[in-house]
Amino acid sequence: MSTVLVLNSSVLGDASASRQLVAATVSSLRKAEPSIKVIERDLASDPIPHFGPDAAVGVRGGEIVNPAQTAARTLSDTLLSEVREADTLVIGAPMYNFGIPSTLKSWFDHILRPGIAFRYSEAGPEGLLTGKRAILVLSRGGLYSEGPAASMDSQQPHLRTLLGFVGITDITFVLAEKLGFGPEAREASLEAAARQISSAIASDHPEAA
Ligand SMILES: Cc1cc2nc3c(=O)[nH]c(=O)nc-3n(C[C@H](O)[C@H](O)[C@H](O)COP(=O)(O)O)c2cc1C
């Protein structure tokens, strides 16, 4: 049985494009493999605390001397155990001010833990959370995959770096762009993204197509 870890971070609830597309992704995965286990985290309604001085000790290492540091380490342990259990990560990431939501960044801040998620050796950094695939749904009001705003995209490259650093390099990016360009552009973008999801999952599970 495969395990899928689902992270949502949009603050827009039912109006969210990324939430809609993440749900479509999970439903396609379930159709291909009905027995999947799904672990869900809603980082908008149940946010991970910002990374502060206690998390620096609890997550990045050092002698724990207070309950807040213990709590940070326990939270990091829990989040990491969810990632380690997962074969597939499905992450919904809206573009907020050219990057990822701060709630999703906080999640990564608690995941990138030395000795567990990555380590440094003489050969440089090595990711330790290997053998997983990730499907990332990136929603944006504007157009960044081409054109004059391409260099302003701090969302897709950042996510590739964060996941790659911990050893997750098998990544499918589903882009829902131009969502703010009017209803027709939005509809076309959502349809194209849904097609991308179906074909990515069908190519992994040809038997279910
Ligand atoms: C706080 C905030 C900041 C945003 N910043 C950007 C931005 O920098 N570039 C962009 O193209 N769209 C931006 N948008 C638009 C969102 O990316 C767009 O509404 C997208 O659909 C959000 O994803 P969601 O529908 O899953 O919530 C922003 C929206 C919000 C609420």
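Visitor: Why does the span of helix 3 (residues 67–85) agree with what 19 residues should give?

Guide: The expected span of a helix is 1.5 Å times one less than its number of residues. For the 19 residues of helix 3 that gives 27 Å, and the end C-alpha atoms are 27 Å apart, so the two agree. Helices here are DSSP runs of H or I with at least four residues, numbered from the N terminus. The model is predicted: local features need pLDDT of at least 70, side-chain atom pairs count only at pLDDT 80 or more, and totals for chains, interfaces and linings use all residues. Residues are numbered from 1 along each chain as its sequence is written, and side-chain values use heavy atoms, with hydrogens and water left out.

Visitor: Which residues of helix 3 are called buried, and what puts them on the same side?

Guide: Buried means under 20% relative accessible area, exposed over 50%, partly exposed in between (1.4 Å probe, protein chains only). Q69, A72, S76, L79, L80, E82 and V83 are the buried residues of helix 3. They cover an arc of only 155° around the axis, taken from the directions from the helix axis to the C-beta atoms, and therefore lie on the same side of helix 3. Exposed P67 and R84 are on the face turned away from that buried side.

Terms used
Helices (H or I, at least four residues) and strands (E, at least two) are DSSP runs, numbered from the N terminus.
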